[in-house]
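Dear colleague,

Please find below the structure for your review.

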Amino acid sequence: MKIDGVELREVALPLVSPFRTSLGTQHERNALLVRVVGGETEGWGECAAEDEPTYSPEYLAGAADLIRRFALPALAPHGLDPAAVGPALRHLRGHVMAKAAVETAVLDCWLRAHGVSLAQHLGGVRRRVRVGVSVGIAETVDALLETVDKHLTAGYARIKLKIEPGWDLEPVRAVRETFGPGVMLTVDANTAYTPADLRHLAQLDAYGLTLIEQPFAPGDLRSHAALAARLDTPVCLDESITSARDAAEAIRMGACSIINIKPGRVGGYLEARRVHDVAEANGVPVWCGGMLETGLGRAANLALAGLPGFTLPGDISATERYYHRDITRPFVLDGGELPVPQGPGIGVTPDPEALEACTTSVEWIPLSA
Ligand code: NPQ
Ligand code: MG
């Protein structure tokens, strides 16, 4: 089967509440959707990149440009074959999130044509997965406690607090003291610390955290290894890991004992499975990260989180945590879990009306082999 063409669509979804991390504050999620059309079938992929290159070097307009000018022309001769996308784009350096969106759309289209779910294709073993929630930096500790209380009441299986210098020991202590030792608690610094903060971060050991995520710069595996040697709290990497090879290197160096897998950050769901396999072979637990996905990305992440090595709750929250109105049917929390979609491909499609309502631009790119 050949690919007839690809639609690039930008959507804007207002967030239920602003999301503040050490990188900045987000009020709205602008997302880039890729729709691949092949014969009677179509498939969807969502690009994880944000408006600005702050979390990663990629950004939405750059990703669209990469896809339009370089990825699609390179893909055209290959037809609709998900296994061919990675090799066809290998000569393009970086741009993992843009490549991931294209591969996911091709994969979704191909799986739908074959009547196979993404969960089945990846080797998922769970029909439901435990999920957590990522809690942004708050104005005050009281406001934070109120937010955490709401999420615990909703049933989330894990609370992740965003931290930065000046917002770390105090909020973590307050949450632990208020909600007790039974709450699974983690922190995520999004690279906000430097190696000089090692002794300061060691004080987090007092609070029984399940992990500390990415305190240092993406390229600084040595400092993460030094911290891991010093702390009882397990060190988890996010931004540092952009491939299965990175994962193997980080594990070998002792830079992490847990890995956050975001499919966009590693170049797609097929590479995400390889990161999972490397981690599993080394006894390293993994969990699925989040990028404020719409229902399309959320559905695909749930399929990934069903793999056996995903033993910690992921950042795959219910739809209502982020959006009043999503472009797909909402995902609803049930006993701290979300269901893994079982239909063909990613198992969900956008609601045409909801999609139109939030679309800010559409571009159709015909593909000729
Ligand atoms: C993380 N995500 O684990 C990220 C980072 C992040 C859910 O904590 C807009 C879109 C703003 C995606 C800010 C969570 C974002 C974003 C931070 C992702 O590090
Ligand atoms: Mg993170």
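The second largest cavity holds about 30 Å³ of space; a cavity here is a set of points, on a 1 Å grid over the protein atoms alone, where a 1.4 Å probe fits but cannot get out, and lining residues have an atom within 4 Å of a point. The volume is the space filled by probe spheres set on the points, which are joined across faces, edges and corners. Among the residues lining this cavity are A48, E50, Y55, M97 and M291.

This is a predicted model, in which local features need pLDDT of at least 70 and side-chain atom pairs pLDDT 80 or more, while totals for chains, interfaces and linings use all residues. Residues are numbered from 1 along each chain as its sequence is written, chains are lettered from A and ligands numbered from 1 in the order written, and side-chain values use heavy atoms, without hydrogens or water.

The largest cavity contains about 160 Å³. Its lining comprises 20 residues, of which E46, P263, G264, Y269 and N301 are closest to the centre.

Ligand 1 is surrounded by 19 residues, the closest being S134, K160, K162, N190 and G290 (near meaning a heavy atom within 4 Å). Its oxygen atoms make polar contacts (N or O pairs within 3.5 Å) with side chains: K162 at 2.9 Å, E213 at 3.4 Å and K262 at 3.1 Å. Taken alone, ligand 1 exposes 440 Å², 98% of which the protein buries (Shrake-Rupley method, 1.4 Å probe).

Yours sincerely

Definitions and conventions
Polar contact = N/O pair within 3.5 Å; in protein donor to acceptor, adjacent residues only side chain to side chain. 1 Å grid on protein atoms, 1.4 Å probe; cavity = no way out; pocket = protein on both sides within 12 Å on 5 of 7 lines; lining within 4 Å.
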